[in-house]
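Subject: A structure to look through

Dear colleague,

I am handing over a structure to you, together with some notes on what was found in it. Please keep the view open while you read, so that you can follow each residue as it comes up.

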Amino acid sequence: MDIVVCLVTCPSKEVGQALAKQVVAAQLAACCNILGGLESVYHWQGALCVDQEVLLIIKTTRARVELLEKTVLEHHPYDTPEFIVLPALHVSERYAAWVAGSMAREA
């Protein structure tokens, strides 16, 4: 199983929770962690922005990434949400088995 980690920022804890529940319930992710207290500094439409956000750390499989991305883009309130996929270089056998069991439905 090819496990990956996806990063998605959200404007609030409530938005992050709703998105996390949606992708886990649909078995597009085995788990989402929601980290609060982020301050993001970035350029948007010519302006320097500083915003408070939360970060979703989403554990999924490479086979589910395309559908996960489509779901995030459809339900995220940002015009251009962050969606970054990172490879997992090593995953313990027990955790990989849990991910597989959590996402048993075909993609």
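Predicted model: local features only at pLDDT ≥ 70, side-chain atom pairs only at ≥ 80, totals over all residues.

Let me begin with the pocket. The largest pocket has a volume of about 230 Å³, and strand β2 (residues 31–44) gives the largest share of its lining, namely three residues. Among the residues that line the largest pocket are Ser 40, Tyr 42 and Trp 44, and also Thr 9, Glu 53 and Asp 79. Sorted by class, the lining of the largest pocket consists of four nonpolar, three polar and three charged residues.

Next comes the interior. In soluble globular proteins, nonpolar side chains tend to be buried together. Here the largest nonpolar core has 17 residues, and those with the most contacts inside it are Val 8, Leu 56, Ile 58, Leu 68 and Phe 83. At least two residues of this core come from each of β1 (3–10), α1 (13–25), β3 (47–61) and α2 (65–75), and β1 supplies the largest share, four residues. Apart from this core lies another one, of five residues, which include Ile 3, Ala 96, Val 99 and Met 103.

Which residues does Val 8 contact, if its neighbours within four places in sequence are left aside? They are Leu 19, Val 54, Leu 55, Leu 56, Ile 58, Val 72, His 76, Glu 82 and Phe 83.

Val 54, one of these contacts of Val 8, has its place in strand β3. Since buried means under 20% relative accessible area, Val 54 is buried, with a value of 7%. Not counting residues up to four places away in sequence, Val 54 touches, among others, Val 8, Thr 9, Cys 10, Ile 34, Leu 35 and Leu 38. The C-alpha atoms of Val 54 and Glu 82 are separated by 12 Å, and the two residues are 28 residues apart along the chain.

Finally, please turn to the helix α2, where Val 65, Leu 68, Thr 71 and Val 72 are buried. Why do they lie on the same side of α2? They do so because they cover an arc of only 130° around the axis. The buried residues of α2 pack against β1, α1, β3 and β4 (84–87), whereas the face turned away from the buried side carries the exposed residues Glu 66 and Glu 74.

With best wishes

Notes. Residues numbered from 1 in each chain as written. Heavy atoms only, no water. 1 Å grid on protein atoms, 1.4 Å probe; cavity = no way out; pocket = protein on both sides within 12 Å on 5 of 7 lines; lining within 4 Å. Points joined across faces, edges and corners; volume = space filled by probe spheres on them. Nonpolar A, V, L, I, M, F, W, Y, C, P; charged D, E, K, R; others polar. Core = buried A, V, L, I, M, F, W, Y, C linked by side-chain atoms within 4.5 Å. Buried < 20%, exposed > 50% of the residue type's maximum accessible area, 1.4 Å probe, protein only. Contact = heavy atoms within 4.5 Å. Arc of directions from axis to C-beta.
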